[in-house]
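Please read the following briefing with the sequence and the 3D structure at hand.

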Amino acid sequence: MSKTVKDAIETIPTDEINSISLSLVRSEILTKVIEYCKKHNSAQMSDVDLMDWDVEFANVHYTTLFDLVLSANYMNINCLLDLVCGKIADMIKGKTPGEIAKLFDIKDVSTYEEDN
Amino acid sequence: MENLPVEVIGNILSHLESARDVVIASSTCKKWREAWRCHLHTLSFNSCDWPIYHELSSNSLEILITQTIFQTKALRCLTISMDDVHEFSAASVIAWLMYTRDTLRRLHFYVRTPPMFNIIEKCGRQKLEVLALGRNFITRVEPSYQKFPCLKSLSLSFVSISELDLCLLLAACPRLETLSMVSPVIASSDSQASMEISSSSLKEFSVESFGLDKFVLEADLLEHLHLKDCTFEVFELIGKGTLKVLKVDDVSVIHLDIGENADNLEFVDISNFTIMWPKFYHMISKASKLRRLRLWGVVFEDDDEVVDLETISVCFPQLSHLSLSYDLRDGVLNYGLQGLSLLVNVAVLELGWTSINDLFATWVAGLLERCPNLTKLIIYGFVSEVKIHEECQILAKFTEFIIELGRKYMHVKIEFEYE
C-alpha cells in the first residue's frame, strides 16, 4: 500500500534487504499507519463498515492528524493521505482565517494583503 | 503545522473543494496562500455551496469564477455546477478551459451554455480522464482530429446530441470505461426511433429517463448495465458474456436481451418491473456465480407465477444475499416454499411487505427455514400515517411473531426498516 516501501523493495536487491529505513516516521505514528494498512488490506469488512472504521480512525487530535499526513505523504499511501486531508479539511470548513490560525496554532499569520 | 510541506497544505485545501471555502481558508497565512496559488488541484463552484451564487447575475458570476481560477496554477479537477437560472457565455467558458488545459484531468460542467457553443471542441482533450456535462449541446464531433485518448468516464445529463455524434464521440474515446446518460436529448436521423451504439472498451453503462423503440448496445467488455426510469420496446446488449451486474429499476421494456451467456452475472437487481417469469428465468438461469439477487416491488405478468425457492437454490448455489419484496398471493405462496433444498450460502435476507398480513409472516418463517447459515434478516415495511385499529393489531401480531422467530433463530440478527 505504501509506494515508498514498494519502490524500496523493488530497487534494493533482495538478498541485501534487512530493513527499510523510514527515518521521518515516529514509532507511535508508524504503528497507526500499519494498523490502517492492515485493516484496508484484510478485505474482511464490508465497504460501509470500513468507512465507519475510517471515521473512527481519523477521530484524533490535530497534531496526530498532521503526523499522519506527513507519514502518509512520505510513505506515499494515497488512500490514507486522502482520509486524513479530508478530515483536516472538515475541521477548516466554515471557519474564518483567524479561527483556523487559532485552532492549529499557526504563528506566521501575516496581514491579509493583495488581490482576491 | 509548520512542518507540513506546502504541497500537503495544497492537498488539504483541495479537499475543501468549494471555491469559497478554499479562498477564505487560504488567507490564513502566507504559506497557505502559496499552497492555494501553486498546489491546489481541486476546485468547485457549486450553487449548493453558497446562497450568493443564486443572487449574482450570470455576468458577475463569470467574472468571479474567472478571477478565482486564474489565480491557481495546477488545477486537475474543476467542477462548475449552477442552477438553471444561469447561462454562461462562450468566451468565459473558453477562457477557463484554455487556462486549465495543460493540467486538467477531470471536468464537471453543469451549466447552460449558448446552443451553438460546442464544449467538446474547446476542452483539453489530451489529458482529460473524466468528463461530465449537463445541460449543454454537442453539435458536432470531428473524429479525425478530436480524440480523447485518456478519457475513462463520460457522463451526459440533459445533453442534446445527435445519434451520429454520439457514435462518433464514443469512437473518439478508445479507453472509455464508464458511460452514463441521464435524460439525453437524442436527435435521430431516421424516423424509426432506434439507436445503436458501440464501444470496445466500455465496462459500465447506465441510462436514466430515456425512451426509445429500440436500443442496441454493443460492448464486448461490459460488466455493469444499469437501466432506470426508461421505456423501450427492445433493449439489446451484444457482448461476450462479461456482464457481472444487471440493474433494472422502474423500466418498461417488452424485450430485454442480454445475450445468451449470463455465466458471469454476480448481482441482479430488478425493481419496479413487470416480470415474465419464464423469460426472466431463461435469461438468468445460467448465472451459477450469482451472489446477490434482488427482486423488489416486482409484479409478475402471470398471476400464477411466483419465485420458487427450489429453482433459486438449484440455479444459484453461491447466492449469499437475497432480497425479495412483492405481492404474496395465497394460492401460490406454498408453491414458492415447496421443495427441500437449502440456500446454504445465503447470509443476508431482506424481505419487504407491500401490505402486512399473515401471508408475509408465513413467508418469512418459510424462508428462514431454508437459510441455515443466515446471519442477518432485514424486514422492510411501509407504515401508513393514519393507522386504523385493525392495522395496529396486525402490526402488533406480526411483531410478536418476529420475536418468537428471533428466539428460534438466535444466531440471526434481525433489523427493521419502516417507511
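Predicted model: local features only at pLDDT ≥ 70, side-chain atom pairs only at ≥ 80, totals over all residues.

Residues are numbered from 1 along each chain as its sequence is written, chains are lettered from A and ligands numbered from 1 in the order in which they are written, and side-chain values use heavy atoms, with hydrogens and water left out.

**Chain A**

- Chain A contains six helices and zero strands, where helices (H or I, at least four residues) and strands (E, at least two) are DSSP runs numbered from the N terminus.
- Read from the N terminus, the order of elements in chain A is α-α-α-α-α-α.
- Chain A has 116 residues, of which 30% count as buried; buried means under 20% relative accessible area, exposed over 50%, and partly exposed in between, with a 1.4 Å probe and protein chains only.

- Strand 15 of chain B, residues 267-271, is mostly covered, since five of its five residues are buried.
- In a regular strand the side chains alternate between the two faces of the sheet.
- In strand 15 of chain B, F267(B), D269(B) and S271(B) point one way while V268(B) and I270(B) point the other way, and all are buried.
- Strand 15 of chain B pairs in the parallel sense with strand 13 (residues 245-249) of chain B over five bridges, where pairing requires that DSSP finds at least two bridges between two strands.
- Within strand 15 of chain B, I270(B) is the residue that stands opposite V248(B).
- Strand 15 of chain B also runs parallel to strand 17 (residues 292-300) of chain B, and five bridges join these two strands.
- L293(B), in strand 17 of chain B, is the bridge partner of V268(B).

**Backbone features in chain B**

- Most residues other than glycine have a negative phi, and most peptide bonds are trans.
- S183(B) is not a glycine, yet has a positive phi of about 45°; S183(B) sits in the loop between strand 8 and strand 9 (185-187) of chain B, and counts as buried because its relative accessibility is 17%.
- D229(B) is likewise not a glycine and has a positive phi of about 50°; D229(B) has its place in strand 12 of chain B, and counts as partly exposed because its relative accessibility is 37%.
- G239(B) belongs to the loop between strand 12 (224-238) and strand 13 of chain B, and counts as partly exposed at 40% relative accessibility.
- The C-alpha atoms of G239(B) and L222(B) are separated by 7.1 Å, although these residues are 17 residues apart along the chain.

**Salt bridges**

- Side chains of opposite charge can pair when their charged atoms come close.
- Over all chains, the structure holds 13 salt bridges, each being a side-chain nitrogen of Lys or Arg within 4 Å of a carboxyl oxygen of Asp or Glu.
- One of them is formed by the side chains of D21(B) and K93(A), at 2.6 Å from N to O.
- D21(B) lies in helix 2 (residues 19-26) of chain B and K93(A) in the loop between helix 5 (78-92) and helix 6 (97-103) of chain A, so the pair joins two chains.
- D21(B) counts as buried at 15% relative accessibility, whereas K93(A) is partly exposed with a relative accessible area of 43%.
- E415(B) forms a salt bridge with K376(B), and their closest N and O atoms are 3.9 Å apart.
- This pair links distant parts of the chain, with E415(B) in strand 21 (residues 413-418) of chain B and K376(B) in strand 20 (residues 376-381) of chain B, 39 residues apart.
- E415(B) is partly exposed, with a relative accessible area of 24%, and K376(B) is partly exposed, with a relative accessible area of 29%.
- E415(B) also forms a salt bridge with K413(B), in which the closest N and O atoms are 2.8 Å apart.
- E121(B), K122(B), R140(B) and E142(B) are joined into one network by salt bridges that share partners.

**A charged patch on chain B**

- K152(B), R175(B), K203(B), K244(B) and K289(B) gather in a patch of positive charge on the surface.
- Patches are made of residues with over 30% relative accessible area and no salt bridge, with like charges joined within 9 Å and nonpolar side chains (Val, Leu, Ile, Met, Phe, Trp, Tyr) within 5 Å.
- R175(B), one of the patch residues, lies in the loop between helix 8 (163-171) and strand 8 (178-182) of chain B.

Note on methods
Areas by Shrake-Rupley, 256 points an atom, 1.4 Å probe, with all protein chains shown as cover. Lys, Arg positive; Asp, Glu negative; His and termini not counted. Charge placed at Lys NZ, Arg CZ, Asp CG, Glu CD.
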